[in-house]
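Below is a short briefing on one protein model, grouped by topic. Please keep the sequence and the 3D view open while reading.

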Amino acid sequence: DALKKTLLDARAIGYRDPRTGSNSGTYTAQLIERLGLTAQLKAKTKLDDSDGEHPENVFQALERGETDLQFGAITEIVMAHGIELLGPLPDEVQKVTLLTAGIPATSPQPQAAKAFVDFLTSPAATAAMQEPRHATA
């Protein structure tokens, strides 16, 4: 209910255009539909279709004050210039993306690749990735 109220009260909201193939944009559009707010939010929704090679650019409209609220993956939000991560969506509507790592059998440097994967799965790296962080200017 608080999420619905926040969306309805916002002057403008933004997220990645689902037509770009963006997972977060597709999920956000589906969430808005599931909440029954598609028609009510249509006029105040700004879809971003910027170059996908720089996902942090999705948040430029928020930085410029064109939107009050912008949805995206946490990994993109923390990379965005001048944007503060408010936190994840409520658990009941949050979508968690599982990332995996693998080492090709033909890797020219399998030991270095394994060391990197071991680092990513270490307790210290896991704790750092789970800790909410704020993007800084």
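E56 counts as partly exposed because its relative accessibility is 23%; buried means under 20% relative accessible area, exposed over 50%, and partly exposed in between, with a 1.4 Å probe and protein chains only. E56 is found in the loop between strand 2 and helix 4, and its C-alpha atom is separated by 7.5 Å from that of H81, 25 residues apart along the chain. This is a predicted model, in which local features need pLDDT of at least 70 and side-chain atom pairs count only at pLDDT 80 or more, while totals for chains, interfaces and linings use all residues. Residues are numbered from 1 along each chain as its sequence is written, and side-chain values use heavy atoms, with hydrogens and water left out.

**Overall chain**

- The protein chain has 7 helices and 3 strands; helices (H or I, at least four residues) and strands (E, at least two) are DSSP runs, numbered from the N terminus.
- Along the sequence, these elements follow the pattern α-β-α-α-β-α-β-α-α-α.
- The C-alpha atoms of the chain fill a box of roughly 55 × 30 × 30 Å, taken along the principal axes.
- Of the 137 residues in the chain, 29% count as buried.

**A second pair separated along the chain**

- R34 has its place in helix 2 and counts as exposed because its relative accessibility is 52%.
- The C-alpha atoms of R34 and V93 are separated by 9.8 Å, and the two residues are 59 residues apart along the chain.

**Salt bridges**

- The structure holds 7 salt bridges, each defined as a side-chain nitrogen of Lys or Arg within 4 Å of a carboxyl oxygen of Asp or Glu.
- The side chains of D9 and K5 meet in one of them, at 2.5 Å from N to O.
- D9 and K5 both lie in helix 1 (residues 2-9), 4 residues apart, which is about one turn of the helix; D9 is exposed, and so is K5.
- D68 and R11 form another salt bridge through their side chains, at 3.0 Å from N to O.
- This pair links distant parts of the chain, 57 residues apart: D68 is in the loop between helix 4 (60-63) and strand 3 (69-70), and R11 is in the loop between helix 1 and strand 1 (13-16).
- D68 counts as partly exposed at 38% relative accessibility, and R11 counts as partly exposed at 48%.
- R16 forms a salt bridge with D48, with the closest N and O atoms 3.0 Å apart.
- R16 lies in strand 1 and D48 in strand 2, so this pair ties together parts that are 32 residues apart in sequence.
- R16 is buried, and so is D48.

**Second largest pocket**

- The second largest pocket holds about 160 Å³ of space.
- On a 1 Å grid over the protein atoms alone, a pocket is an open set of points where a 1.4 Å probe fits, with protein on both sides within 12 Å along at least five of seven lines; lining residues have an atom within 4 Å of a point.
- Its volume is the space filled by probe spheres set on the points, which are joined across faces, edges and corners.
- Y15, P18, A29, I32, E33, T38, L41, K42, T45 and L47 line the second largest pocket.
- Helix 2 (23-34), helix 3 (38-41) and strand 2 (45-48) each supply at least two residues of this lining, and helix 2 gives the largest share, 3 residues.
- The lining divides into 6 nonpolar, 2 polar and 2 charged residues; Ala, Val, Leu, Ile, Met, Phe, Trp, Tyr, Cys and Pro count as nonpolar, Asp, Glu, Lys and Arg as charged, and the others, Gly among them, as polar.

**Nonpolar surface patch**

- I74, V78 and M79 form a nonpolar patch on the surface, with about 230 Å² of accessible area together.
- Such a patch is made of residues with over 30% relative accessible area and no salt bridge, its nonpolar side chains (Val, Leu, Ile, Met, Phe, Trp, Tyr) being joined within 5 Å; like charges are joined within 9 Å.
- Accessible areas come from the Shrake-Rupley method with a 1.4 Å probe, and for residues only the protein chains shown count as cover.
- I74 has its place in helix 5 (residues 74-77) and is partly exposed, with a relative accessible area of 38%.
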